[in-house]
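Please read them with the coordinates open.

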There are 2 protein chains.
Amino acid sequence: MTAGPAISRRRLLAGGLAAGAGFAVGGLGGFGVARESQAADPQTVVEPFYGVHQAGIATAAQERIQFAAFDVLTSKRDELQALLRSWTSAAALMATGKPVGDPAGDPNAPPIDTGEALELGPARLTLTFGFGPSLFAGPGPDRFGLAALRPAALADLPPFAHDELDPTISDGDLCVQACAEDPQVAFHAIRDLARIGRGTVAIRWAQLGFGRTSSTTAAQATPRNLLGFLDGTNNVHGDDQPTMDANIWVAAGDDPPWMRAGTYLVARRIRMRIEAWDRDSRGDQEATIGRHKVSGAPLGGVNERDTVDLAALGPDGKPVIPMAAHIRLAAPATNGGIRILRRGYSFTDGIDSLTGQLDGGLFFACFQRDPRTGFVPVQTRLAASDALNEYIVHVGSGLFAVPPGIAEGGYIGQTLFG
Amino acid sequence: MTAGPAISRRRLLAGGLAAGAGFAVGGLGGFGVARESQAADPQTVVEPFYGVHQAGIATAAQERIQFAAFDVLTSKRDELQALLRSWTSAAALMATGKPVGDPAGDPNAPPIDTGEALELGPARLTLTFGFGPSLFAGPGPDRFGLAALRPAALADLPPFAHDELDPTISDGDLCVQACAEDPQVAFHAIRDLARIGRGTVAIRWAQLGFGRTSSTTAAQATPRNLLGFLDGTNNVHGDDQPTMDANIWVAAGDDPPWMRAGTYLVARRIRMRIEAWDRDSRGDQEATIGRHKVSGAPLGGVNERDTVDLAALGPDGKPVIPMAAHIRLAAPATNGGIRILRRGYSFTDGIDSLTGQLDGGLFFACFQRDPRTGFVPVQTRLAASDALNEYIVHVGSGLFAVPPGIAEGGYIGQTLFG
C-alpha cells in the first residue's frame, strides 16, 4: 500500500494551528490563486463571505453539502436577531477556515468550537441562510412581527401530483446550506451553528449530499447524478451576470425592498427508485431523460452541448425528444423562458426499512427570483407528465427567502429587521 | 466566484472516455507514481486489487466509505460461487476505474454499468469482501454445506453492556466495504455489485461514512472524529509488517486453512450523543478521552505522539489519565498487548425522529486475527467502564470473516469452496 496523495490535504494545514489561536489561510488572496492554478489544494481555498449577494449561490458548486432546516424556539424578536448576529460572526470565521472560538479556552466551559474541522482548512465553505414562510407567521399572532414583511414570492408551494412529502423532512423557520469541498467542513459548520443557537433554534431536519449534480459556472464539467446521466448541462451559470440578474436575483424594483439582491430557494428531497431504474433498458432510460446516457448529448445530437431541438421529428414522424422526456418538460422553452439555478447533490441514507431498497437520490436545490414563475410552473408540468415520475418521488420539501449578502459589520437578514 | 480547483478532478478524466469503451488510468503504475508525488490527483490513483491479502485493510485509509451488508437469497451453493466470481470480475474492473461493462451497449437491455462514476477515475477504490456467521448456517440445515468450515474465531459476538442494537442495521451473510477518495465512486461500486447480484443477494443495510477517523500508515496525519478529538494515534499501521502478521492477518498455523492470510472484521455503528457532548466542558471531555483536545497529546504530555503513561500520578496522587478514560481502557497495555487495526469513518444520517437529535457518530470498523482476543475483550472492558459511554451508544453491529486475497484468475472466497 501507499500513503496516498489524499494525505496531503490533512497534513497541509496541520502545522499552521497554534493551539487556541486558530489559523488564517489564504484569505481572499487564495481565491485569486485558485483561478490561476487548477492545482491548488481545494482545502485551502477561501470563498468570500461578504458581498452584495450571499455566497453559495453564484459560487461554483462545491463537491459536498450539509443542509439543515431549523425551528425557532423563541418568540422574542430580539433573540432571533441576536441569533442571526451570532451566526453571521461564526459563519464569517468558518468561511476563512477559522474555528468559531478558541477550542482550547476555559477548561471548565464547553469548547467554543467543536473541533472536528480544526486542520481541514476553509475548503471553499459557503454558508447560505434562508427564512421559511413559518418565520412570518405564528404560532400565535405573528410572533416576530414579521407578517407584513412576508414576500408575496414566498407563497406556500402548491401540492404537486405524486408528492409523498414527509413533514418531518420538510419546511422549517430557517435554513442553512453549507457547501464545501470537504464534507466534514460542511458538517462542522452546521453543527456549530446549531450549538451556538441552542435554546433559540433546533434542527428540524438535515441532509448530507455526497456529490454535486450541478455545474454553476461554464468552467465546471457537468457531473452525473445517480441515474447515471449528466445533469444540468444547460444550468444557469453564476458568472453569467445578465442571466443571474434577470432570473435569479431579486431586482431593485421587486417587492419587498428587504429582499433586493436576495433570491428564493426551493429544496426537494427526491428519492430515486434506483432498483427499478437499473432494470430499465438503456433506450428507455434515454427516452425518459431525452439525452444519451454516456455522451449526454440530446437525442438526435452527438455532443453534450448540442442544441436541444424540441421540434425535430424522426423518420417515423414522431418527436426525436419524446413529449414526456424530462429535458423537454423542464426546458426553458417549454416554460415561457423561465430559468432557475440548480444546485443539487446526490444523497444516500442507507436502506429504506419499509421497502428494503436503497434510500438515495437527488437533494434538489434551486434558486430563483420568484418561485411562482420559477420552480412552481416547471414542477407543475413535470409532476403532470414527466416520464421520469415512474422512477422518482418527492419526499421532502422546503421553501426559503434568501436575503441579500452583507458588508462587514452587518448581519445576515438585517434588512428584514429594518 | 471562481471555477475553483475542485473542478479539475472531474475534468481530468472526462476527455479520456471513448463512448462505450471505458478507460484505463494509471494501472498499477499509478500506485508507484503516487508514492513519489504527493501532488498526484487522488482520483487517478489505483490501489492493487490482486494480492496475498484483500485490499482495503492494510491500504492507507481512504477519505470515504460506503459499506453494505447483504442477505443471500439463494440456497444454492453454485449460485453463491457464481456471484462471488461475478463480484470479483466487477471489483477488479472498478478498482482500475473502469465501468463493469459497456455502458453504451444494447439499447434494449439495462446498462451493464449504472454510469454515475464514468468520469470519476479509480479514486483509490478498494473493495473488501466478508462472510458473516449466518453464511455458515441455515435457514434449514446448512444451506451451503459450509457449517463445518465456520472458523471458531467467527464466534457470535457476545452482548455488551449498553448495546442498543437494531437488527435492521446489524449482521448479514456477506459484506462489502467500499473505500475510496470519492464517495460517488464508493457508492457506485456497492450499487453495481447489488445490481449484479440481483435475485441472489439483497442489501440488508448500508452505511455511508463521510470522513475517515483512522490513519493506517505512519505517513497519514491523524484525523479527528466527531468528538473533535484526534482518533487513532496509536493505530496499527498497514505497512508495519511484523505487527500486521502478529495481530491482524490469520497466520499459516491458524485454523481453518481457508482463512489463512485473511482477517476478521467487526463493524459497529456508534451513535454519538453529539448535543450532550457539546455541552460538556473541555476539561471533562479531555478526562473522558484521556487526551488534550487540540494537541491530541495524552494527558500529562505535550505532543500527540508522546508516550501514554498510564502509571503517572498527578500532584493529588490520582492517575493523570483517569481510570475510566477511553484511551486507558482501550490501550493494548490494558488488554494483554492486543492490537487491532481500526478503520473507522464519521457518518451522519440526518435527524433522529424520535429524539430530534443529530443521527451521527462513528462507523467503527476494525480488523484482527481473532475477534475473541481482539475486539471482544477490548469492547467488554470499554462497555463496562468507559467514561465515554455517557456520550455514545452502539446501535448496529456486524462480524465477518474476510478471506485472503487472490491472484488474477481466482475469485474472492475461493479457498472456502475448496
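1. H3(B) and H4(B) run roughly antiparallel to each other. The model is a predicted one, and in it the axes of helix H3 (residues 77-95) and helix H4 (residues 183-196) of chain B come within 10 Å and cross at roughly 155°. Angles over 145 degrees count as roughly antiparallel, and therefore the pair H3(B) and H4(B) is described in that way. The crossing of these two helices, H3(B) and H4(B), is right-handed.

2. On the H3(B) side, the contact is made by Ser86(B), Trp87(B), Ala90(B) and Met94(B). H4(B) contributes Ala189(B), Asp192(B), Leu193(B) and Ile196(B). By class, the residues of this contact between H3(B) and H4(B) are six nonpolar, one polar and one charged.

3. Helix H7 of chain A spans residues 282-289, and its buried residues are Arg282(A), Gln285(A), Glu286(A), Thr288(A) and Ile289(A). Why do they lie on the same side of H7(A)? Because they cover an arc of only 160° around the axis.

4. Helix H8 (326-330) of chain A is included in what covers the buried residues of H7(A). Just after H7(A), the backbone at Gly290(A) takes a positive phi of about 95°.

5. Most residues other than glycine have a negative phi, and most peptide bonds are trans. Ala123(A), not a glycine, has a positive phi of about 55°. Arg124(A) also is a residue other than glycine with a positive phi, near 60°.

6. Where do these residues sit? Ala123(A) is in the loop between helix H3 (77-95) and strand E2 (126-131) of chain A, and Arg124(A) lies in the loop between H3 and E2 of chain A. Are they buried or exposed? Ala123(A) is buried, with 30 other C-beta atoms within 10 Å. Arg124(A) has 35 C-beta neighbours inside 10 Å and so counts as buried; the cut-off for this is 20 or more.

7. In chain A, one joins Asp255(A) and Pro256(A), with omega about -10°. Pro256(A) belongs to the loop between helix H5 (241-247) and strand E6 (263-272) of chain A.

8. In chain B, the bond from Asp255(B) to Pro256(B) is cis, and its omega is near -10°. The loop that holds Pro256(B) lies between helix H5 (241-247) and strand E6 (263-272) of chain B.

Conventions
Residues numbered from 1 in each chain as written. Chains lettered and ligands numbered in written order. Predicted model: local features only at pLDDT ≥ 70, side-chain atom pairs only at ≥ 80, totals over all residues. Buried ≥ 20, exposed ≤ 12 C-beta atoms within 10 Å, placed from the backbone. Helix = DSSP H or I, 4+ residues; strand = E, 2+ residues; numbered from the N terminus. Arc of directions from axis to C-beta. Contact = placed C-beta atoms within 7 Å. Axes fitted to C-alpha atoms, helices over the stretch in contact; angles between N-to-C directions. Parallel < 35°, antiparallel > 145°, perpendicular 65-115°, else oblique. Left-handed = near helix turned anticlockwise from the far one by under 90°. Nonpolar A, V, L, I, M, F, W, Y, C, P; charged D, E, K, R; others polar.
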